[in-house]
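Me: I'd like to go through this one and ask what stands behind each label. Could you take my questions in turn?

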Amino acid sequence: MGLRFSVLASGSTGNALLIENREVRLLVDAGLSAKKIDQLLASRERDGSRIDGILVTHEHSDHIKGISVFARKYQIPVYANERTWQELERLLPKSEFIERRVFRTGERLDFGSMTVESFETSHDAAEPVGYRFHSGDQILSLATDTGYVSDKMKALLADSDVLILEANHDVEMLRAGSYPWNVKRRILSDNGHLSNDAAAEALCDMLTGRIRRVYMAHLSRHHNLLDLARLTMSNILQERGFQIGAAGSMNAKGVVLMDTYHDRPTEWDDLLLA
Ligand SMILES: O=c1ccn([C@@H]2O[C@H](COP(=O)(O)O)[C@@H](O)[C@H]2O)c(=O)[nH]1
């Protein structure tokens, strides 16, 4: 059954991903106000009353800010692993009124005809995860907020039709930027965020034939630019012999690099399309 998704918002001002097939609709993270999430959903002609679950990647505010209000307003169950739940219970207002579901890291959960699998990422949160969504023979994977892509992650992510992958910063922009040194050190660490170069290097190991599109996600507004991320990643990939396909081209050869935005959703992506 066909999967489609829209990255509703991506970056440290708030993250949310909408994914659905004909029967099931899920949100991953709700890191913006509930009002803003309502607006973003409306712009994709959806609303909160038909969301079957909210999956949480980790407890940082840009991933959970709107969860409490949104989940309670529409009575949507929230899924996270045990250690993330411990943090959510501490951080979220009125968390006792949220429908609490445990999604253990590494397990698969069936949501009707959609199966979701979580996997460990490398970030300075209690138990951060990424997710893979299976519907029929289609797979979408999401890996943001990770300072490092392990071989285990690479093997999972390589087996995806479409990948949403963090490309947070340009290393030189970050080094020259105004963040305090301890913040820069954190971002650059294995428990921080992937740079454009690191994302491309990891991608080189993952482009083994299946991945057709990669969404460059969680870009810093201070230390990155969409064009710079695209150029840096394209250069590295092309140097290694990979072809970069044209966005929007139905018969794109090679991998297509796609944009995400802080403040507006991406167009629907039907995984079935070439
Ligand atoms: O003063 C700050 C600014 C940012 N952070 C954290 O750094 C990373 C990257 O942020 P970008 O906005 O993508 O540049 C993110 O995790 C922020 O939360 C910070 O800790 N302190």
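Predicted model: local features only at pLDDT ≥ 70, side-chain atom pairs only at ≥ 80, totals over all residues.

Me: Let's start with the ligand. Which residues are around it?

Reply: The residues around the ligand are S12, N168, Y179, V183, R186, I187, H193 and S220. Sorted by class, that shell holds three nonpolar, four polar and one charged residues.

Me: On to L257. Why is L257 called buried?

Reply: Buried means under 20% relative accessible area. L257 has a relative accessible area of 0%, so it is buried. This residue sits in strand β14, residues 255-258.

Me: What does L257 touch, leaving out residues up to four places away in sequence?

Reply: L257 touches L203, V214, M216, R230, M233, S234, L237 and A247. One of these, V214, has its own contacts beyond four places in sequence: L163, L165, L203, V255, V256, L257 and M258.

Me: Which residues have the most contacts inside the largest nonpolar core?

Reply: That core has 27 residues, and the ones with the most contacts inside it are L157, L163, L165, L203, M206, V214 and M233. At least two residues each come from α5 (151-158), β11 (162-166), α8 (196-206), β12 (213-217), α9 (226-239) and β14. The biggest giver is α8, with six residues. As a general matter, nonpolar side chains in soluble globular proteins tend to be buried together.

Me: Now the loops. What makes the phi of Q75 worth a remark?

Reply: Phi of Q75 is near 50°, which is positive, and the residue is not glycine. Most residues other than glycine have a negative phi. Q75 lies in the loop between α3 (67-74) and β5 (78-80).

Me: Is Q75 buried or exposed?

Reply: Exposed means over 50%. Q75 has 63% relative accessibility, so it counts as exposed.

Me: D145 has a positive phi too, near 55°. Is D145 buried or exposed?

Reply: Its relative accessible area is 2%, so D145 is buried. D145 is in the loop between β10 (138-143) and α5.

Me: Going back to α3, which of its residues are buried?

Reply: I67, S68, F70 and A71 are buried in α3. The buried residues of this helix pack against β3 (25-28), α1 (34-43), β4 (53-55), α2 (61-64) and β5.

Me: Why is E127 called partly exposed?

Reply: E127 has a relative accessible area of 22%, so partly exposed is the label. E127 is in the loop between β8 (114-120) and β9 (129-135). Leaving aside neighbours within four places, E127 is in contact with T57, N81, R83, T84 and T105. With T105 there is a side-chain to side-chain polar contact at 2.7 Å.

Me: And how do you know that S95 is buried?

Reply: S95 is at 11% relative accessibility, so it counts as buried, the cut-off being under 20%. S95 lies in the loop between α4 (82-91) and β6 (100-102), and beyond its neighbours within four places it is in contact with L88 and E89.

Me: Last one: why does M173 get the label partly exposed?

Reply: M173 has a relative accessible area of 27%, so it is partly exposed. M173 is in helix α6, residues 171-176. Not counting residues up to four places away, M173 touches H222, H223, N224 and L228.

Methods. Residues numbered from 1 in each chain as written. Heavy atoms only, no water. Near = heavy atom within 4 Å. Nonpolar A, V, L, I, M, F, W, Y, C, P; charged D, E, K, R; others polar. Helix = DSSP H or I, 4+ residues; strand = E, 2+ residues; numbered from the N terminus. Buried < 20%, exposed > 50% of the residue type's maximum accessible area, 1.4 Å probe, protein only. Contact = heavy atoms within 4.5 Å. Core = buried A, V, L, I, M, F, W, Y, C linked by side-chain atoms within 4.5 Å. Polar contact = N/O pair within 3.5 Å; in protein donor to acceptor, adjacent residues only side chain to side chain.
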